[in-house]
Amino acid sequence: MPDSRPLGSSPPERRPTPPTALPDALAPALPVTPAPPVRPVMPAPPVRPTASGFLAALHPPVTLPGPPPPTPSPPAPVRAIRDAPDGAAAGSPLRGLPHGPTGLGTTSLSLAGRPAPRLPDPPSPAPAPAAGRAVPGLYHHPVPEPDPARVEEVSRRIKRWAEDDVQLYPEEWEGQFDGFSVGRYMVGCHPDAPTVDHLMLATRLMVAENALDDCYCEDHGGSPVGLGGRLLLAHTALDPFHTTAQYAPAWRESLTSDAPRRAYRSAMDHFVRAASPSQADRYRHDMARLHMGYLAEAAWAQTGHVPEVWEYLAMRQFNNFRPCPTITDTVGGYELPADLHARPETQRVIALAGNATTIVNDLYSYTKELDGPGHHLNLPVVIAEREGLSERDAYLKAVEVHNELQHAFEAAAAELAAACPLPPVLRFLKGVAAWVDGNHDWHRTNTYRYSLPDFW
């Protein structure tokens, strides 16, 4: 938790210790000069955090592991003289070795009491670097490797939930489910989650939403035709339908009629038991935004419309990752109060985080979408068609758009931290920044799903 002192404020002034007076007998006889008048010292104004300073605190330097250096041959062990005390600890490679010269004629060489020097422990092998590389020129922050024990446990639990609780996918889709690497995704995005149970709140919701996207919109039976009706009925699994006694049973039965609705209902049931009412309602609101973005993209697909670049970016402000970082406090086990979450400055931070991370998705999924059936809209495609650029130049311009959005997110977060340096606000901003960084790292390392174009 950040300390309660406003972010960026100066520490309390440390006044110099007054010098100790000399005894009268030792004091030199010097003429007394009147002291100059003391000018009052005006306190410096509080330092407001800049974007770079605020983000420096959120993003400590991380060195991504590289291949381990070649291991040099160990030096020959220096053996202690016989009869010296055994200085080798249990498990040391020296334990059990003779500690001095041995054989005929060597007894006189003994120097009793000389300890055996301890060899340094061999260096631990460096962890293998994660697969994948970042988009060249993309502004991002490296993150540490997610906790492997947590990744394994989240992966185990979410697969059991998907198979046993909601029957999410047929057997032939299992490889795609595993390749999504949702355990690594969620552990990397929520490093402050206190328990695996908290991580599972986000993981179920992520998997449920991805299933709806695949089955309603994308390549597992999705279609723009009739999408609005499907989305509306699925949304009632998140935002309950209040109706008469005659029609309520039919609605409840509908919630088990397909995998997306089963997943939405189960994931939301878990979430509302852990979240406050305002946190749950906030999530429903952001999911409605997401579904509206789906409908806009579907409408353009049905009419063959290629939007202007600004229109596409407006659509992506709704059809984006926003529901994920908006629940970072629930996953962290605390709550950003509703009045602070609703502030325009907070909403701007969340919107910019969602916009930047969604362009990350456009960039990493670019070749995957080009290889898929149909005409997929993503930012490089729209820039190329609307601004008459080559595929390469349009892609590189999309990288610049992302970088500007990412910098705007960081500046907005720093401004909010300065204007409202309350502990839950600062923790929430840190959580959203961690989500942004973890989202990028998952895209970078998920070579099962993504590969970069050959533009460099």
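Where does asparagine 361 sit in this protein? Asparagine 361 belongs to helix H13, which covers residues 344-364. What you're looking at is a predicted model, where local features need pLDDT of at least 70, side-chain atom pairs count only at pLDDT 80 or more, and totals for chains, interfaces and linings use all residues. Residues are numbered from 1 along each chain as its sequence is written, and side-chain values use heavy atoms, with hydrogens and water left out.

**The whole chain**

- The protein chain has 17 helices and zero strands. Helices (H or I, at least four residues) and strands (E, at least two) are DSSP runs, numbered from the N terminus.
- Of its 456 residues, 43% count as buried. Buried means under 20% relative accessible area, exposed means over 50%, and partly exposed is in between (1.4 Å probe, protein chains only).
- Take the contacts in the chain with a separation of 6 or more: residues 24 or more positions apart account for 76% of them. A contact means heavy atoms within 4.5 Å.
- The chain exposes about 25,100 Å², and carbon and sulfur atoms supply 59% of that. Accessible areas come from the Shrake-Rupley method with a 1.4 Å probe; for residues, only the protein chains shown count as cover.

- Leave aside neighbours within four places in sequence, and asparagine 361 is in contact with Arg316, Phe321, His443 and Tyr450.
- Helix H10 (residues 309-318) and H13 have axes that come within 9 Å and cross at roughly 110°. Axes are lines fitted to C-alpha atoms, for helices over the stretch in contact, and angles run from 0 to 180 degrees between N-to-C directions.
- That angle is why H10 and H13 are called roughly perpendicular. The cut-offs go like this: under 35 degrees is roughly parallel, over 145 is roughly antiparallel, 65 to 115 is roughly perpendicular and the rest is oblique.
- The crossing of H10 and H13 is right-handed. A crossing is left-handed if the near helix is turned anticlockwise from the far one by less than a right angle, and right-handed if clockwise.
- On the H10 side you'll find Tyr312, Leu313, Arg316 and Gln317, which meet Ala351, Asn355, Thr358, Ile359, Asn361 and Asp362 of H13.
- Sorted by class, the contact of H10 with H13 has four nonpolar, four polar and two charged residues. Here Ala, Val, Leu, Ile, Met, Phe, Trp, Tyr, Cys and Pro count as nonpolar, Asp, Glu, Lys and Arg as charged, and the others, Gly among them, as polar.

- Helix H5 (residues 196-217) packs with helix H9 (residues 277-303) at an angle of about 20°, their axes 13 Å apart. So H5 is roughly parallel to H9.
- H5 and H9 make a right-handed crossing. H5 brings Leu205, Glu209, Leu212, Asp213 and Cys217 to the contact, and H9 brings Tyr283, Met287, Leu290, His291 and Tyr294.
- H8 and H9 pack at about 150°, with axes 10 Å apart, so they are roughly antiparallel.
- H8 also passes H9 in a right-handed crossing. Tyr264, Met268, Phe271 and Val272 in H8 meet Gln279, Ala280, Tyr283, Arg284, Met287 and His291 in H9. The contact of H8 with H9 comes to seven nonpolar, two polar and one charged.

**Proline 260**

- Proline 260 is part of helix H8 (residues 259-274), and with a relative accessible area of 2% it is buried.
- Apart from neighbours within four places in sequence, proline 260 is in contact with Ala211, Leu212, Cys215 and Tyr216.

**Some loop residues**

- Alanine 131 lies in the loop between helix H1 (51-58) and helix H2 (148-165), and at 41% relative accessible area it is partly exposed.
- The C-alpha atoms of alanine 131 and threonine 447 are 6.9 Å apart, although 316 residues separate the two along the chain.
- Most residues other than glycine have a negative phi. Glutamine 167 is not a glycine, yet has a positive phi of about 45°; this residue is in the loop between H2 and helix H3 (174-179).
- Serine 181, also not a glycine, has a positive phi of about 55° and lies in the loop between H3 and helix H4 (182-189).
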